[in-house]
Amino acid sequence: MSTTTEPPRPPGEPVPGRPEPEPIKAVPVRYPGRWIVAAILLVLAGMLVNMLVTNDAFDWPFMLDNMFTEPVLVGVRTTLILTVLCMAIGILLGIIAAVMRLSGNPILVAMAWLYTWFFRAVPRLVLCVVFGNLGILYSHLEFGLPFDNYWMPWLGFDGDARFFSVPMNDLLTAFMAAFLALALSEGAYMAEIVRAGLLSVDKGQTEAAQALGMSRGKVLRRITLPQALRVIVPPSGNETIALLKDTSLVSAIPLTTELFFQLQAVGNRTFNLFPMLVAACLWYLAITSLLMVGQYFLERSFTKGDRQAQTGVKAMQSKAGA
Amino acid sequence: MSENASTVPDDHVTATTDDRMVVAENVHKTFGRLRVLRGIDLEVHRGDVMCVVGPSGSGKSTFLRCVNHLEKLTAGRLWVNGELMGYRQRRGKLYELHETQVAAQRRGIGMVFQNFNLFPHMSVLGNVIEAPVQVKRERRQEARERALALLDRVGLADKSASYPRQLSGGQQQRVAIARALAMRPELMLFDEPTSALDPELVGEVLDVMRDLAREGMTMLVVTHEMGFAREVGDTLVFMDEGVVVESGPPREVLTNPRHERTQAFLSKVL
Ligand SMILES: Nc1ncnc2c1ncn2[C@@H]1O[C@H](COP(=O)(O)OP(=O)(O)O)[C@@H](O)[C@H]1O
Ligand SMILES: [Mg+2]
């Protein structure tokens, strides 16, 4: 094969009067170890497939019958809504907390520090249970969220949040508790990520923008934050995936419309638990893979300037070579 | 504002007919215990080019940054275009200006940095129209046309769609100059604009600056390019250890330095 391929042309003109050298022909180094490892892995894979097919505990037909039922699909929806909602609010909280941390205002710095400290220190499972039981602190809340009677049903959830004397149990639905616990916790993690991102932007950028007469808010929105996104986006993808998986914790509140709870419930009811656990794995794998595809394209779009610079360099090089 | 309107505010001591663009009066700046500027007095007249030279660490950059209030003075006063930078002065008492007011003061002052500091996430055109659109609220179309004219002026009309990283250092610095000019500044500050450039790229940036000076722009230039200072500068200032050691017409200072420290410095760089 290699004997028929052309040797790569060296750049520039060949030196006149000097013959082109013979391309190197050598016997490549052999790696017998690779073949041995591959053979072992092949055997192991065969054993795995064999087990998956022959072990009755998997009960594949039963799993397929039960992993797309109505309650399970509602569970998938709840899990997805919770992930997206908590991540969105988490990013917002994270940006606010990070900007507060970097503001230089001692009060804001202390508040942001306290917030990240608390919500990163307490495990999410504990947070979920605590928020589920906040009703013990106050039986009624004296203020509420505006227009809840419109948007709560619109989002498809029960309960309302009226002004004055709202029973805590009504306000703090299981979904609300789950939302608060996860969003606040996510915000604390995102705060650190956003802060690292903002710190990664060269100080000269801020100075150049200030020298042009931009206010601090404008510098943040137009100059530092967009550049920080390149550092923020990759770990945020991981955060989203971690949050998706942590939504399985909210069954402890208990928020029972969540995916894992539903699958487990089917398993418990039918005394055929293991296939439903496999179904849970498959569902989370599927959703996570989907998120990873999204992450890939998001990261690509945030390194646009780099890639264009690279293609520009390539164009220049090819021009120089021509 | 609601005070007696007839009171002439102290921070406008210089009349608008004053031909002094920059007035520095006993400017001091300390970082912790490090005294970087120790009493700088100087004046830059409208349309003049003042070149500042001096050894590394003598406080040249710090002084330039004080001019547009990127650094707060520790003591002294500094006026640009008749306005006291960073403060309001009423009956001898100083009031700090709000951040947005300082930002407004900076709009009339362009600054060019040693390492360009172009915005890497924006195209060349985006860099130039950013401040006019975002700060001055100019219409995008107008800003675009003016930006293209400015890019043409610095010889980069064909690069408007490129990103900074695709350009050579000299091209980036010329974009940075166009970006500063887009705000129609009355004063331009240059902090060693050619020090980060390969030698063969220095000339193209100096050419743009030379044109700018010829068109009457007031310029304060920290540089090590003695040829440029001699040819374009109206005044040459030699700074060392936070003070102005010597200043005067460039030819005079360069050929006939009076101070030992100036002589020592010039013997090293010339
Ligand atoms: N933000 C700062 N904090 C502490 N020291 C600084 C800061 N900026 C500058 N300096 C110090 O001030 C001195 C003068 O710096 P600079 O104005 O950059 O000098 P030059 O531009 O003449 O080389 C240097 O010793 C430098 O380390
Ligand atoms: Mg300097």
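This is a predicted model: local features need pLDDT of at least 70, side-chain atom pairs count only at pLDDT 80 or more; totals for chains, interfaces and linings use all residues.
Residues are numbered from 1 along each chain as its sequence is written, and chains are lettered from A and ligands numbered from 1 in the order in which they are written. Local features need pLDDT of at least 70, side-chain atom pairs count only at pLDDT 80 or more, and totals for chains, interfaces and linings use all residues, while side-chain values use heavy atoms, with hydrogens and water left out.

Lys60(B) belongs to helix H1 of chain B, residues 60-67 (helices are DSSP runs of H or I with at least four residues, strands runs of E with at least two, numbered from the N terminus). Lys60(B) is buried (under 20% relative accessible area, 1.4 Å probe, protein chains only). Lys60(B) has no salt bridge (a side-chain nitrogen of Lys or Arg within 4 Å of a carboxyl oxygen of Asp or Glu); Glu192(B), the nearest side chain of opposite charge, is 4.3 Å away. A polar side-chain atom of Lys60(B) lies 3.0 Å from the backbone oxygen of Gly54(B).

Ligand 1 is surrounded by residues of chain B (each with a heavy atom within 4 Å), among them Phe31(B), Pro55(B), Gly59(B), Lys60(B) and Thr62(B). Helix H1(B) gives the largest share of this shell, three residues, and strand S2 (34-45) of chain B also supplies at least two. Oxygen atoms of ligand 1 lie 2.6 Å from a polar side-chain atom of Ser61(B), 2.8 Å from one of Lys60(B) and 3.0 Å from a backbone N or O atom of Gly59(B). The protein covers 58% of the 560 Å² of accessible area that ligand 1 has on its own (Shrake-Rupley method, 1.4 Å probe).

Conventions:
Buried means under 20% relative accessible area, exposed over 50%, partly exposed in between (1.4 Å probe, protein chains only). Lys and Arg count as positive and Asp and Glu as negative; His and the chain ends are not counted. A polar contact is a pair of N or O atoms within 3.5 Å; within protein, one must be able to donate a hydrogen and the other to accept it, and residues adjacent in sequence count only if both atoms are side-chain atoms.
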